[in-house]
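Please walk through the model below one part at a time.

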2 protein chains.
Amino acid sequence: MRDVIIGMSDGLTVPFALAAGLSAAVSSSFLVLVAGIAEIAAGSIAMGLGGYLAGRSDRDHYRAEWEREQRHIKQAPEAERAEVREILAGYGLGDEMLDSAVAAITANPRHWVDFMLRNELELERPEAARARNSALTIGLSYVAGGILPLVPYALGLAVPMALTWSAGLTFLALLIFGAAKGKVTGIRMLRGAVETAVVGSLAAGSAYLLARLVSRFG
Amino acid sequence: MRDVIIGMSDGLTVPFALAAGLSAAVSSSFLVLVAGIAEIAAGSIAMGLGGYLAGRSDRDHYRAEWEREQRHIKQAPEAERAEVREILAGYGLGDEMLDSAVAAITANPRHWVDFMLRNELELERPEAARARNSALTIGLSYVAGGILPLVPYALGLAVPMALTWSAGLTFLALLIFGAAKGKVTGIRMLRGAVETAVVGSLAAGSAYLLARLVSRFG
């Protein structure tokens, strides 16, 4: 779900902001459309594949930490045993019970490492299929979000008119999408809607102003 | 570090891919530069603010889960106590010691909730300053990565020449950056370099081909 949110909000935001920026600099709707399509292709691949690789390096990181913890247990068992003791004491165990709980957990190296990873390093165990799904989800959400702002340009409207329609459509979509995001992540829907619309407007506004400023020097 | 990787790799990849795509469709280096600058502005704000908001909703999610777990403990203490028991048994505790460890942890509601969040839900406790730092890091990395591919266009080279230089510079940067990423994340440096360069090349190649295809219908 987080992946859909990331992909979709960037997909709505960046191609729209680019279209708005170019609208300040060129008079051909078609050129804005071509740039927008190039951006969607690039962005969806970068985010999708990027998400895949990030997910995979999370997995590699977890595996590396697992092995490091296993080495520590072999090389410095007393220090690691003291850490288990400290964590369990933090949960309220004491006296003889603490001694025997430490002994029970450290009797099995697999349990011991597992306990340390969750309670000392607070690492989440990455799911196997997660990296691949994450990639697909982010990439497709980006494409879905990115097409909408380009529709008015694709219909061949003149640039100022296309920009007006694109801004209106995208703003509406950001509000709806932001409210849905708010509901899913447990924050209030209104806050989600406002936040998402503000990010989109800031990105598009900055791109528009910068493009306008730079195009004066052309 | 993950944020720098995400921001920088997208920053190198997307503006370059957009520049390559537009190079297939227009003959003005200046226009490519304007589009690239608009993209960097939009992308850095979308990723930076997006990262900030994602970090903050992680924090809100953690808080919501904490409260939900606390309610469960009040409403269905026996079921939650059985879960603690199951987790501790999984760590190798048994017999009377298991009983007394369960009793000790569930004696204090704060310890109880803490134990469930780490060991049942495997949630990482989000750090307070993380959302803000994450935003700044992703945004700035995106700008830093995005400027490089645009330099040849800014120098006013003709489009085909600018594209050649931009591709060469970006490819080199992706290799170096990818190797650094590989080292940081613990995978092999060579693998990191190859992966990052492949993502960049795929994104730029797709943008180039799509832009070329679409611009035929203009």
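Buried area is the accessible area, found with a 1.4 Å probe, that two parts lose on being put together, summed over both. The size of an interface is often given in this way, as the accessible area lost when the parts come together. The model shown here is a predicted one. In it, the area buried between chain A and chain B is about 5,500 Å², and carbon and sulfur atoms give 70% of that area. Counted by residues, 62 of chain A are in contact with 63 of chain B.

Which elements of chain A supply this contact surface? Those that give two or more residues to the side touching chain B are α1, α2 (29–75), α4, α5 (109–119) and α8 (189–215) of chain A. The most comes from α2(A), which gives 20 residues. Sorted by class, the side of chain A that touches chain B has 36 nonpolar, 13 polar and 13 charged residues. Across the interface of chain A and chain B, the rule finds zero salt bridges. It does find six residue pairs in polar contact there, with both residues at pLDDT 80 or more.

The next topic is how the two chains are arranged. Chain A is superposed on chain B by a rotation of 180° with 0.0 Å of shift along the axis, and the RMSD is 0.1 Å. This is the relation of a two-fold axis. In chain A, the C-alpha nearest the axis belongs to A:R118, at 3.0 Å from it. Both copies use the same surface, since 100% of the contact residues of chain A recur in chain B.

A:R118 is also one of the buried residues of α5(A). Is this helix enclosed or open? Nine of the eleven residues of α5(A) are buried, so the helix is largely enclosed by the rest of the structure. The buried residues are A:H111, A:W112, A:V113, A:D114, A:F115, A:M116, A:L117, A:R118 and A:N119. What covers them includes α2, α3 and α4 of chain A, together with α3 and α5 (109–119) of chain B. At the start of α5(A), a side-chain oxygen of A:N108 comes to within 2.8 Å of the backbone nitrogen of A:R110.

Salt bridges come next. How many does a search of the whole structure find? Over all chains, the search finds eight. One of them joins A:R85 and A:D99, whose closest N and O atoms are 2.6 Å apart. A:R85 lies in helix α3 (residues 77–90) of chain A and A:D99 in helix α4 (residues 95–106) of chain A, so the pair ties together parts that are 14 residues apart in sequence. Both residues are partly exposed: A:R85 has a relative accessible area of 35%, and A:D99 has a relative accessibility of 38%.

B:E65 and B:R68 meet in a salt bridge of 3.2 Å, N to O. Both are in helix α2 (residues 29–75) of chain B, three residues apart, which is about one turn of the helix. Buried means under 20% relative accessible area, so B:E65, at 13%, counts as buried. B:R68, at 35%, counts as partly exposed.

The side chains of B:R81 and B:E78 meet in another salt bridge, at 2.6 Å from N to O. These two residues are three apart in helix α3 (residues 77–90) of chain B, so about one helical turn separates them. B:R81 is partly exposed, with a relative accessible area of 29%, whereas B:E78 is exposed, with 53%.

Two further residues of chain A show contacts with residues elsewhere in the sequence. A:D3 is placed in helix α1 (residues 2–23) of chain A. Leaving out residues up to four places away in sequence, A:D3 touches A:S134, A:T137 and A:I138.

A:T196 lies in helix α8 of chain A. Is this residue buried or exposed? A:T196 has 3% relative accessibility and counts as buried. With residues up to four places away in sequence again left out, A:T196 touches A:L174, A:F177, A:G178 and A:K181.

Definitions and conventions
Residues are numbered from 1 along each chain as its sequence is written. Chains are lettered from A and ligands numbered from 1 in the order in which they are written. Side-chain values use heavy atoms; hydrogens and water are left out. Helices (H or I, at least four residues) and strands (E, at least two) are DSSP runs, numbered from the N terminus. Contact means heavy atoms within 4.5 Å. Copies are superposed by least squares on the C-alpha atoms of residues with pLDDT of at least 70 in both. A salt bridge is a side-chain nitrogen of Lys or Arg within 4 Å of a carboxyl oxygen of Asp or Glu. Buried means under 20% relative accessible area, exposed over 50%, partly exposed in between (1.4 Å probe, protein chains only). A polar contact is a pair of N or O atoms within 3.5 Å; within protein, one must be able to donate a hydrogen and the other to accept it, and residues adjacent in sequence count only if both atoms are side-chain atoms. Ala, Val, Leu, Ile, Met, Phe, Trp, Tyr, Cys and Pro count as nonpolar, Asp, Glu, Lys and Arg as charged, and the others, Gly among them, as polar.
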